[in-house]
Amino acid sequence: LCVPLEEVTIFRQTSGTTGQPVYQPDTWQDWEWWTGCWSYSLWAQGYRPRDRVFIPFGYNIFVAFWAGHYAAEKIGCEVIPGGVLDTKARILKIQELQATAMMGTPTYILGMAETAKMKMGIDPSELTIDKITCAGECGASIPSTKKRLEEAWGAKVYDHAGATEIGAWSFECRDQPGGMHVNEAFFLVEIKEVATGAIIEEPGQRGKMIITALDRQAQPCVRFDSKDVIEWSADPCSCGRTSRLIKGGVVGRADDITKVKGVLLAPSAIEEVVRGVDGLGDEYEVVVDKVGDVDRIKLKVEVLPEAQDQCQLVEDELADQLRLKTNLRYDIEVCGCETLPRYEVKAKRFKDLRKKN
Ligand SMILES: [Zn+2]
């Protein structure tokens with residue numbers, strides 16, 4: 001702690017994406033800084049004082065959309081806190097109050113659309129939401145997931161990256177340039193080659209992000225190894241902002257990318273394929289294990305009711321695309337609709353059982 005304890009006004013906890021959760025104390029000035037970081041993101045995504053922002057988030061010890069909430073207020077939007085309500089009640093609130101924007105994890109926003117369609121007979125694309133900010137998972141930067149989100153809601157979907165111990169360090173702007181801006185007024189981002197530790201300056205080469213928050217006081221963030229895998233984009237953004245772009249957003253986490261049958265596999269590549277195949281539902285599950293000495297990948301998917309009579313075609317298309325995009329073969333299991341687990345916060349769809357041995 002770098003300030004006297006009496007200056008701390010709040011503490012939160014990391015979601016523990018990797019390992020043990022960590023407590024994060026902040027001063028009042030840190031909190032103003034957090035909401036400042038988010039305000040830049042929201043403004044770049046077209047949030048304006050006339051917007052009515054619905055936040056379908058269980059307000060708790062995780063920082064998640066707390067800062068998004070206060071940032072939306074700071075730029076003059078009306079904010080509707082949608083905590084405690086269940087998914088159906090949240091959809092009814094959006095309808096009744098004619099909300100124009102919302103924030104959530106891509107998993108939850110897709111799940112809301114499914115609930116609206118399947119259980120309430122409401123087409124979410126006919127509601128008044130015209131923009132959605134996604135955070136917490138990579139989905140909104142994965143083209144096929146973004147397309148599903150945008151089609152389901154009839155809205156623009158923007159990616160946002162942040163972390164409890166860092167702050168809101170990156171955002172996609174309204175031009176959707178196929179990447180995210182680094183919030184460079186608040187952060188210094190470096191990219192480090194995983195094997196050698198050398199700093200990567202040129203575009204097109206992936207590495208781990210090393211980040212410094214320029215004005216965080218209670219528990220500073222100095223050259224923090226976030227394990228996010230990113231690369232610089234070669235092109236400036238058409239929106240005119242000069243802050244640098246990372247291509248394709250956060251493309252994975254250094255500890256998620258794993259070798260299967262000798263081939264490097266990023267779980268996000270499987271998501272890109274599954275969500276790109278017509279006739280498949282949004283959920284899937286991947287389990288990697290070993291049969292004898294050989295790696296095996298089991299992939300469970302759901303076929304939508306309207307594609308049930310073309311199950312084999314859908315499965316063949318999936319297998320072809322997976323081979324093409326990931327160079328691997330999968331044991332595919334087609335499950336009934338709504339049989340795979342649904343997630344509200346961070347989805348756990350990729351399980352590597354080899355690591356236990
Ligand atoms: Zn831009």
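In which strand does D289 lie? D289 lies in strand β17 (residues 280-291). This is a predicted model, in which local features need pLDDT of at least 70, side-chain atom pairs count only at pLDDT 80 or more, and totals for chains, interfaces and linings use all residues. Residues are numbered from 1 along each chain as its sequence is written, and side-chain values use heavy atoms, with hydrogens and water left out.

View 1. Strands are DSSP runs of E with at least two residues, and helices are runs of H or I with at least four, numbered from the N terminus. D289 has a relative accessible area of 11% and is therefore buried (under 20%, with a 1.4 Å probe and protein chains only). Beyond neighbours within four places in sequence, D289 is in contact (heavy atoms within 4.5 Å) with V294, D295, R296, K298, L353 and R354.

**View 2. Packing of helix α1 (residues 28-44) with helix α2 (residues 66-74).** The axes, lines fitted to C-alpha atoms over the stretch in contact, are 8 Å apart at an angle of about 70°. The helices are therefore roughly perpendicular (65 to 115 degrees). Residues of α1 including W31, W34 and W38 meet residues of α2, among them W66 and Y70.

**View 3. The largest nonpolar core, with 41 residues.** Such a core is a set of buried Ala, Val, Leu, Ile, Met, Phe, Trp, Tyr and Cys residues joined through side-chain atoms within 4.5 Å. W38, M103, W169 and F187 have the most contacts inside this core. Helix α1 gives the most to it, with 6 residues.

Technical notes. Axes fitted to C-alpha atoms, helices over the stretch in contact; angles between N-to-C directions. Parallel < 35°, antiparallel > 145°, perpendicular 65-115°, else oblique. Buried < 20%, exposed > 50% of the residue type's maximum accessible area, 1.4 Å probe, protein only.
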